[in-house]
Amino acid sequence: MSSRHKRTRQPADLRSARWFGPDDLRSFGHRSRIMQMGYAPADWAGKPIIAIVNTWSDLNPCHAHFRHRVEDVKRGVLQAGGFPVEMPAVTLSESFMKPTTMLYRNLLAIEVEEQLRSHPIDGAVLMGGCDKTTPALIMGGLSAGLPMIFLPAGPMLRGNYAGKTLGSGSDAWKYWDERRAGNISEQEWFGLETGIARSYGHCMTMGTASTMTAIADAMGLTLPGASSIPAPDANHIRMSAECGRRIVEMVWEEMTPDKIVTPASVRNGGTVAMATGCSTNAVVHLLAMARRASVDFTLDDLDELGRTTPLIANVRPSGQGYLMEDFFYAGGLLGLMRNLGDKLDRSAMTVAGITLGEAIADAPVYNDDVIRTLDNPVYHEGSLAVLRGNLAPDGAVIKPAACDPRFHVHKGPALVFDSYPEMKKAIEDPDLDVTPDHVMVLRNAGPLGGPGMPEWGMLPMPVKLVREGHRDMLRLSDARMSGTSYGACVLHVSPESHIGGPLALLKTGDIVSIDLPNRRIDMLVDEAELAARRAAWQRPADRFERGYGWMFAKHVSQADKGCDFDYLAPGFGRTAGEPDI
Ligand code: FES
Ligand code: MG
């Protein structure tokens, strides 16, 4: 696979040459300090300097292998005549960070942008994969504007316990409900704990991580097909080295991200999201990434793609049975994209220097139960639908394929909770006044209310209903939910209740109506009553009064706009430009 692009830059044109080239005192300082580390001019002079942005940490199991993979990237950079420099960046560990990694997505994005801008860097390999790291790295990289390749961490191997396959997240929720119903012993529970995550790599269901890396791949930001390679597979090591080789060429070719991330590539990302049974989180991140690239892409575009793109990746949680390891063996994302045919804009460019069409032209599919064809889909529509109505004037999302079809058109009384602890306590009450027709509601869980819009949206089923044998009910919140979650959950209600969105006015006992075919979510409360409630409503206090959380609350946008900071939008203020001293 060789790039069709030509080298257009000479060593003197390199951005880093502005640091190391001039015969002046500052450059004397830069040169003497790089030599302080034992490098000679032969190491760096006239060579593209490649930042390898590494989000490794001892508390991010999804990125545990990055400590070694970074050496493979360096090997590739050196082979191609570049000078690799590793730059650690804050990791966002979905497994450990509270209240939610989403609070810190924009922090990593700023860090990447400013690291690349302030240092003598010509191009970057961005290493990520655990949920929010992918959009964060890409958002920062897009704003920095230097040639970049996203290196996806790759999914971990399938989980296994007592001969049964286990999927990240999805099976944890499933077995937890069984444990709450009294069907699983302590010993079995421990067996599940030891078996569900048994190699490095990100979650191996089609959760947020696999969805976002697939989107990055479809947008042309990874080496084609890289997102499907399991983390422990030797192919992953070779792919890492290839990222190193390729980024050096991209610098010479001036292949900046604006040549890759276009309206066509963003749309391809959206189409692939729908075809893979994407995490609902993809909505927020895709909107945010598009905005960083000044591409006009909205919730309505996603709903349209949802209506027209069948779900063809038979991977949990939207699909049945299979996991990312099976998906890779079946042909991976390249096979899936080939099956999407004309639904993708094949003229979109990839970091490999070839078009998406060229990348997928001969891609095989080895198992057509895992990677379906358009006329034999897992689900006839895509993974997401956007709802609007008097409960969500700016939109809300639901995953139709992941919920019991009886909730596609449904009316039921609301059971409203103002906080997660209040809800958590109530649902354990065996005498809670709740029926399977109730609509459970959690508010104050949005971008400001959560804060950071935590993944609380798959509200746990009340134990009373679980014991009666129910496993799904209609749930509604301004939160997000984990990409590995499932159920009839209406999420991302915008505007959120914390800032006075209509969800704030809902009361227990009000009738909530969902009409998925018509994309509606409403409360059947008359306008005069709502006006009275609105007049009496008081905004809750913000959670943070100092620090990053305070800044977050001042600048974060609502979910329908991607939850980015207002001041990071491309149109905000005068561009900082290049450092001039
Ligand atoms: Fe890292 Fe799921 S915890 S991807
Ligand atoms: Mg997740």
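How many of the 19 residues of α10 are buried? The count is 14, so α10 is largely enclosed by the rest of the structure. The views below come from a predicted model.

**View 1. Helix α10 and the residue that follows.** Helix α10 covers residues 234–252. At 1.5 Å a residue, its 19 residues should span 27 Å, and the end C-alpha atoms are 28 Å apart, which agrees. Just after α10 comes Glu254, with a positive phi of about 55°.

**View 2. Helix α12 and its surroundings.** Helix α12 is made of twelve residues, 281–292. From its first C-alpha to its last it reaches 17 Å, close to the 16 Å expected at 1.5 Å a residue. The helix is mostly covered, with twelve of its twelve residues buried. Among the buried residues are Asn281, His285, Arg291 and Arg292, as well as Val283, Leu286 and Met289. The buried residues of α12 pack against the helices α6, α9, α11 (263–276) and α13 (299–308), and against the strands β8 (392–398) and β12. Ser294 follows α12 and has a positive phi, near 55°.

View 3. Not counting residues up to four places away in sequence, Ile215 touches Gly269, Val272, Ala273, Ala282 and Leu286.

**View 4. The crossing of helices α6 and α9.** Two packed helices are described by the angle between their axes and the distance between the axes. Here, the axes of α6 (residues 133–144) and α9 (residues 208–218) come within 8 Å and cross at roughly 35°. On the α6 side, the contact is made by Thr134, Pro135 and Ile138. On the α9 side, Met212, Thr213 and Ala216 take part. Of the residues in this contact, four are nonpolar, two are polar and none is charged.

**View 5. A four-stranded open sheet.** The strands are arranged in the order β2-β1-β3-β4, and their pairing is parallel. At the edges lie β2 (83–88) and β4 (148–152), each of which pairs on one side only. From one strand to the next, the twist averages 20°. Strand β3 (residues 123–128) runs parallel to β4 and is joined to it by five bridges. Gly128 has Pro152, in β4, as its bridge partner.

**View 6. Two helices lying across the sheet.** Helix α4 (residues 66–79) lies across β1 (49–54), β2, β3 and β4. Its direction is at about 165° to β1. Helix α5 (residues 105–118) lies across β1, β2 and β3, running at about 160° to β1.

**View 7. Ala504 in its loop.** Ala504 is found in the loop between β12 (489–494) and β13 (511–515). Is Ala504 buried or exposed? Ala504 has 22 other C-beta atoms within 10 Å, and the cut-off for a buried residue is 20 or more, so Ala504 is buried. Leaving aside neighbours within four places in sequence, Ala504 is in contact with Arg443, Ser497 and Trp537. Ala504 and Ile52 are 452 residues apart in sequence, and their C-alpha atoms are 45 Å apart in space.

Key. Residues are numbered from 1 along each chain as its sequence is written. Chains are lettered from A and ligands numbered from 1 in the order in which they are written. This is a predicted model: local features need pLDDT of at least 70, side-chain atom pairs count only at pLDDT 80 or more; totals for chains, interfaces and linings use all residues. The expected span of a helix is 1.5 Å times one less than its number of residues. Two residues are in contact if their C-beta atoms, placed from the backbone, lie within 7 Å. Axes are lines fitted to C-alpha atoms, for helices over the stretch in contact, and angles run from 0 to 180 degrees between N-to-C directions. Ala, Val, Leu, Ile, Met, Phe, Trp, Tyr, Cys and Pro count as nonpolar, Asp, Glu, Lys and Arg as charged, and the others, Gly among them, as polar. Two strands pair if DSSP finds at least two bridges between them.
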